[in-house]
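The structure is shown first, and the entries follow.

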Amino acid sequence: ESLKATLNYGYLDAFAQFYGDPSDNFVVVGGIRMMEGRKFFTGLSDVLNRSKDSFPKELQLELSAASHGEAVFHRLTPNKVSSDVEIGYGENPSFLFGADNDAMWFAFGGKEAFPKLKATIDKVEESKQHAPKSDNLVPFELVFNMNHWVKQRENKGKPGPFNEFAKKSFTQPGSDTLRFDSRPIENGVRIRVQVENGFIKLLGHALAKQIDGKNNF
């Protein structure tokens with residue numbers, strides 16, 4: 001019933017966002033608008049409860065692990081994560097997911113994941129009174145700031161060869177931003193990709209390294 005109502009609504013309304021300081025761990029938080037989301041979550045919870053005894057051993061499932069307002073959350077925790085995931089999200093990160101009647105909510109990260117998720121839910125609820133007009137909305141938008149990832153790997157002592165180029169390229173504030181958005185037009189979709197000058201410098205450093213390497217060889 002929930003999925004049918006959401007399809008009849010006619011729009012996929014969702015977001016995901018990274019939070020965190022490069023000197024610490026990251027958290028990813030997001031939500032997907034669902035009609036009668038509580039019904040969907042009740043059905044999902046019933047399926048998980050019935051299958052918990054045969055759940056993969058690589059994952060720990062905790063039902064009704066937390067709640068906020070009208071939303072209840074389950075928690076999935078992998079027993080082991082890759083070194084890259086640990087660098088980004090810290091030790092023992094987990095995936096939280098739950099729903100109220102309007103949306104499915106999720107978060108992935110360490111101990112800061114649930115507090116950040118709660119704050120995000122509250123912020124979305126407060127912003128409903130000042131929602132932008134639909135004409136001003138971008139149907140799909142992705143904004144990526146490279147420096148956050150570069151600095152975090154450096155702070156944790158695992159920079160890798162890529163950081164050598166990145167540090168030289170993203171020296172100015174805002175030079176590390178990549179923006180991708182799309183808008184419908186009369187006969188299709190218009191896609192725009194915007195990169196700041198740091199990415200041009202990054203490409204230049206990489207090409208120079210390749211040429212220098214070949215000359216040395």
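I took helices (H or I, at least four residues) and strands (E, at least two) as DSSP runs, numbered from the N terminus. The model is predicted, so I noted that local features need pLDDT of at least 70, that side-chain atom pairs count only at pLDDT 80 or more, and that totals for chains, interfaces and linings use all residues. Residues are numbered from 1 along each chain as its sequence is written, and side-chain values use heavy atoms, with hydrogens and water left out.

Entry 1: Thr120.
I located Thr120 in helix α4, residues 113-127. I then looked up its exposure, for which buried means under 20% relative accessible area, exposed over 50%, and partly exposed in between (1.4 Å probe, protein chains only). Thr120 counts as buried because its relative accessibility is 7%. Setting aside residues up to four places away in sequence, I found Thr120 touching Phe15, Tyr19 and Val29; contact means heavy atoms within 4.5 Å.

Entry 2: the sheet of β7, β8 and β9.
I recorded an open sheet of 3 strands in the order β7-β8-β9, with antiparallel pairing. Its edge strands are β7 (140-145) and β9, each of which pairs on one side only. Two strands pair if DSSP finds at least two bridges between them. Strand β8 (residues 177-185) is joined to β9 in the antiparallel sense over 8 bridges.

Entry 3: the nonpolar patch.
On the surface I found a nonpolar patch of Val189, Ile191, Val193, Val195 and Ile200, with about 470 Å² of accessible area together. Accessible areas come from the Shrake-Rupley method with a 1.4 Å probe; for residues, only the protein chains shown count as cover. Nonpolar side chains (Val, Leu, Ile, Met, Phe, Trp, Tyr) are joined within 5 Å, and like charges within 9 Å. Strand β9 (residues 188-195) gives the most to this patch, with 4 residues. Val195 lies in β9 and is partly exposed, because its relative accessible area is 38%.

Entry 4: positive phi.
Most residues other than glycine have a negative phi. Ser64 has a phi near 50°, sits in strand β3 (residues 59-68) and is exposed at 52% relative accessibility. Asn92 has a phi near 55°, lies in the loop between α3 (83-89) and β5 (94-99) and is exposed at 61%.

Terms used: Patches are made of residues with over 30% relative accessible area and no salt bridge: like charges are joined within 9 Å, nonpolar side chains (Val, Leu, Ile, Met, Phe, Trp, Tyr) within 5 Å. A salt bridge is a side-chain nitrogen of Lys or Arg within 4 Å of a carboxyl oxygen of Asp or Glu.
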